[in-house]
Amino acid sequence: MNPNCTPSETRQAVYAYLYMLDKERAGEANSKTQIRRALQERLPLRSEFSLEKRFQNISAVLAEDGKTFVKGYLPLPNVGRGVASVIRHVVSEVESSSQLVEEALGFAVRCEFLALGKARNDKGRPRGGLPDELWTERAGRRMPARRRAETCLFSRDPKLKAWLVLRSRGLREFCGARAPFEEAPDMPYLEIHHVVSLAREGWEAPENAVALCPNCHRAMHFAADREERVRRLYSLFARLDAGAFGADGA
Ligand SMILES: [Zn+2]
């Protein structure tokens, strides 16, 4: 296919759309403000109307292909064949490439980061504790939420990563180094390390995840002294012991 047919604009719109779809599947409300802001960081400013229309076009293509679409965006009739084929191309690319799923997840994390940062600013001083949205009722107790990947498009929880990245700011990190770069304004690039890997059925949950700089992340997996590093992780982050979760959730 002609690369001109897959402009980054459509790609970003699809990322935004898949994020909304995932939220809807999880029974969560979508914040159009955050989605628009995250999109505007990557695209020239678009009118609300053209954005809505774009999302409705995506709904139309997904509906035609028998896929779930975002209920808030009813399929538009008569989507142009050119537009439909570009959307279909980008959707199938995302579905088939783990790299692009990662990019789409990045968009989702950015939206959650904006929402979380805003919620905290409204309440005054940011706190290190786990935000309300990441708590759940488990076995009759208030516990940190755990992600069930199979019900969601993304195997990882963008809200959890947003919280980990947000709370890392200003705090001493594992190695004391700053993140190597920002992936979006005021948002450091960090990687999520699962202490018990997801492949070993570790939870996508606060008690099993830390945000590390890329070097430390690699070292957790490959350094000769990685067992010692894991022990240090446990001693630095009380929340990694699920039983100890509480207090300020840190
Ligand atoms: Zn580090």
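## Overall layout

From the N terminus on, the elements of the chain follow the order α-α-α-α-α-β-β-α-β-β-β-β-α-α. This comes to eight helices and six strands. Helices (H or I, at least four residues) and strands (E, at least two) are DSSP runs, numbered from the N terminus.

The model is predicted: local features need pLDDT of at least 70, side-chain atom pairs count only at pLDDT 80 or more, and totals for chains, interfaces and linings use all residues. Residues are numbered from 1 along each chain as its sequence is written.

## Burial and contacts

The chain has 250 residues, and 29% of them are buried. A residue is buried if 20 or more other C-beta atoms lie within 10 Å of its own, exposed if 12 or fewer, and partly exposed in between, with C-beta atoms placed from the backbone.

Two residues are in contact if their C-beta atoms, placed from the backbone, lie within 7 Å. Among contacts in the chain with a separation of 6 or more, 61% are between residues 24 or more positions apart.

## The largest nonpolar core

A nonpolar core is a set of buried Ala, Val, Leu, Ile, Met, Phe, Trp, Tyr and Cys residues joined through C-beta atoms within 7 Å. The largest one holds 50 residues, and Val-14, Ala-16 and Tyr-17 have the most contacts inside it. Two or more residues come from each of α1 (8-25), α2 (32-42), α3 (48-64), α4 (81-96), α5 (98-122), α6 (158-168) and β6 (209-212). The element that gives the most is α5, with ten residues. Domain 1 (3-96) and domain 2 (127-244) each supply at least three residues to this core; the domain bounds come from an automatic or database domain assignment.

Leaving aside residues up to four places away in sequence, Tyr-17 touches Phe-55, Ile-58 and Val-70.

## The buried side of α2

In α2 the buried residues are Ile-35, Ala-38 and Leu-39. They lie on the same side of α2 because they cover an arc of only 100 degrees around the axis. The arc is that of the directions from the helix axis to the C-beta atoms.

Strand β1 (residues 135-138) pairs with strand β2 (residues 141-144) in the antiparallel sense, over four bridges. Two strands pair if DSSP finds at least two bridges between them. Glu-137 has Arg-142 in β2 as its bridge partner, and Arg-138 stands opposite Arg-141 in β2. The two strands form a hairpin with two residues between them. In the turn, Ala-139 has a positive phi of about 50 degrees.

## Loop residues

Asn-78 is in the loop between α3 and α4. Its phi is near 55 degrees, a positive value in a residue other than glycine. Asn-78 counts as exposed because it has 7 C-beta neighbours inside 10 Å.

Asp-186 sits in the loop between β3 (182-184) and β4 (187-188). Phi of Asp-186 is near 65 degrees, again positive in a residue other than glycine. With 10 C-beta neighbours inside 10 Å, Asp-186 counts as exposed. Phe-181 is found in the loop between α6 and β3. Phe-181 is exposed, with 8 other C-beta atoms within 10 Å. Phe-181 and Cys-213 are 32 residues apart in sequence, and their C-alpha atoms are 9.9 Å apart in space.
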